[in-house]
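Subject: Structure handover and what I found in it

Hi,

Here is the structure I promised to pass on to you.

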Amino acid sequence: MAATAQGHQVHPDGRTWKSHFPKGDLWVFGYGSLIWKPPPHFDQRVPGYISGYVRRFWQASTDHRGTPETPGRVVTVIERTFWETLDDPLARQESESASTGKVWGAAYHIPASHAEEVHDYLDDREIDGYSAHYTPFHPTIDVEGATSSSPIICMVYIGQPSNPQFLREAARREPQDVAQVISAGHGLSGKNTEYLYLLEKALEGLGLGTADVHVTDLVRRVKAIEAEGLGEAEEKAAELEVTKSLEGAAEAPAEADGRSTIE
């Protein structure tokens with residue numbers, strides 16, 4: 001009998017995922033950056049959802065969208081039963097959403113010839129607090145061997161609440177705090193705001209009913225912060241211009257009739 005690791009059956013060669021994909025191929029579900037930045041070597045991209053989870057920007061990023069000194073914020077999915085025990089200002093909107101109980105995203109099929117390579121690539125890409133798990137994925141289009149009523153088992157990388165990057169402090173999970181961090185974050189893969197905006201557009205691109213109330217709320221908050229920052233920058237620029245103008249007037253020589261050159 002095969003051994004187990006973290007609750008998953010382990011393949012004889014030590015590769016846990018192979019026990020879930022006996023043909024040697026691989027299905028991977030993406031709910032964050034994988035939606036718009038897919039893994040290499042996929043031959044199918046299928047929109048759909050997983051059930052029983054909630055997507056939240058409650059994972060700190062010390063690499064792709066932040067630094068160890070100033071971590072950014074990226075998404076993870078949280079088991080709904082655990083999420084319901086936490087304080088979340090968007091709990092009501094989440095419950096009233098058309099997507100209640102669903103996390104929309106895209107699943108990718110990796111042929112057996114590249115499965116090992118892609119698995120290693122994803123392990124490295126998702127190294128900052130994420131671990132591989134396996135869950136049913138419900139496609140919105142027919143896939144060979146599965147329909148929307150016949151889900152596909154997919155590997156999904158999750159930042160569990162026990163991982164060191166999960167935002168354990170309730171204050172750090174407050175939407176406005178998350179938005180403030182995102183508005184200033186920057187990491188190896190670029191600005192944290194870019195990650196948020198790309199996720200919003202990627203979800204829109206999946207089709208009707210795929211909007212995420214948490215993502216939409218954060219986009220609104222971050223854009224408001226950016227607009228305020230732009231206004232402050234313009235105000236400071238105006239103040240500087242006035243100061244320079246007045247300094248120039250004070251230093252300018254008087255005209256022959258004794259009047260200042262600035263009227």
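Below is what turned up, going from the whole chain to single residues.

First, the ground rules. This is a predicted model, in which local features need pLDDT of at least 70 and side-chain atom pairs count only at pLDDT 80 or more, while totals for chains, interfaces and linings use all residues. Residues are numbered from 1 along each chain as its sequence is written, and side-chain values use heavy atoms, with hydrogens and water left out.

**Overall picture**

The secondary structure comes to seven helices and 11 strands; these are DSSP runs numbered from the N terminus, with helices being H or I of at least four residues and strands E of at least two. Of the 263 residues, 45% count as buried, where buried is under 20% relative accessible area, exposed is over 50% and partly exposed is in between, using a 1.4 Å probe and protein chains only. Among contacts (heavy atoms within 4.5 Å) between residues at least 6 apart in sequence, 73% join residues at least 24 apart.

**The cores**

A nonpolar core here is a set of buried Ala, Val, Leu, Ile, Met, Phe, Trp, Tyr and Cys residues joined through side-chain atoms within 4.5 Å. The largest one has 52 residues, and those with the most contacts inside it are Leu26, Trp27, Tyr31, Phe57, Phe137, Met155 and Leu196. Helix 6 supplies the largest share of this core, seven residues. A second, separate core has eight residues, including Ala60, Ile78, Phe166 and Leu167. As general background, nonpolar side chains tend to be buried together in soluble globular proteins.

(The expected span is 1.5 Å times one less than the number of residues.) Its buried residues include Tyr195, Leu196, Leu199, Leu203 and Leu206. Just after helix 6, Gly207 takes a positive phi of about 130°.

Helix 3 (residues 112–125) has 14 residues and reaches 20 Å from first to last C-alpha, close to the 20 Å expected. Ala115, Val118, His119, Leu122 and Arg125 are buried in helix 3. What do these buried residues pack against? Their partners are strand 3, strand 7 (102–110) and strand 9 (152–158). In general, an α-helix has 3.6 residues a turn, so residues three or four places apart point the same way.

**Strands 5 and 6**

Strand 5 (residues 53–61) pairs with strand 6 in the antiparallel sense over seven bridges; two strands pair if DSSP finds at least two bridges between them. Nine of the nine residues of strand 5 are buried, so it is largely enclosed by the rest of the structure. In strand 6, seven of the eight residues are buried, and Thr76 is the bridge partner of Arg56.

Ile78 lies in strand 6 (residues 72–79) and counts as buried at 1% relative accessibility. Arg56 is 22 residues from Ile78 in sequence but 7.5 Å away in space, C-alpha to C-alpha. Beyond its neighbours within four places, Ile78 is in contact with residues including Tyr53, Arg56, Trp58 and Phe166.

**Rings and charges**

There are eight aromatic pairs in the whole structure. Rings of Phe, Tyr and Trp (its six-membered ring) pair if their centres lie within 6.5 Å; planes under 30 degrees apart count as stacked, over 60 as edge-to-face and the rest as tilted. Phe29 and Phe137 have ring centres 5.5 Å apart and planes at 40°, so this pair is tilted. Phe29 in strand 3 (residues 26–30) and Phe137 in strand 8 (residues 131–139) are 108 residues apart. Ring pairs join Phe29, Tyr31 and Phe137 into a cluster.

A charge sits over a ring if NZ of Lys or CZ of Arg is within 6 Å of the ring centre and within 35 degrees of the ring normal. The charged end of Lys102 sits over the ring of Tyr49, 4.6 Å from its centre, and Arg173 lies over the face of Trp58, at 5.1 Å from the ring centre.

Happy browsing!
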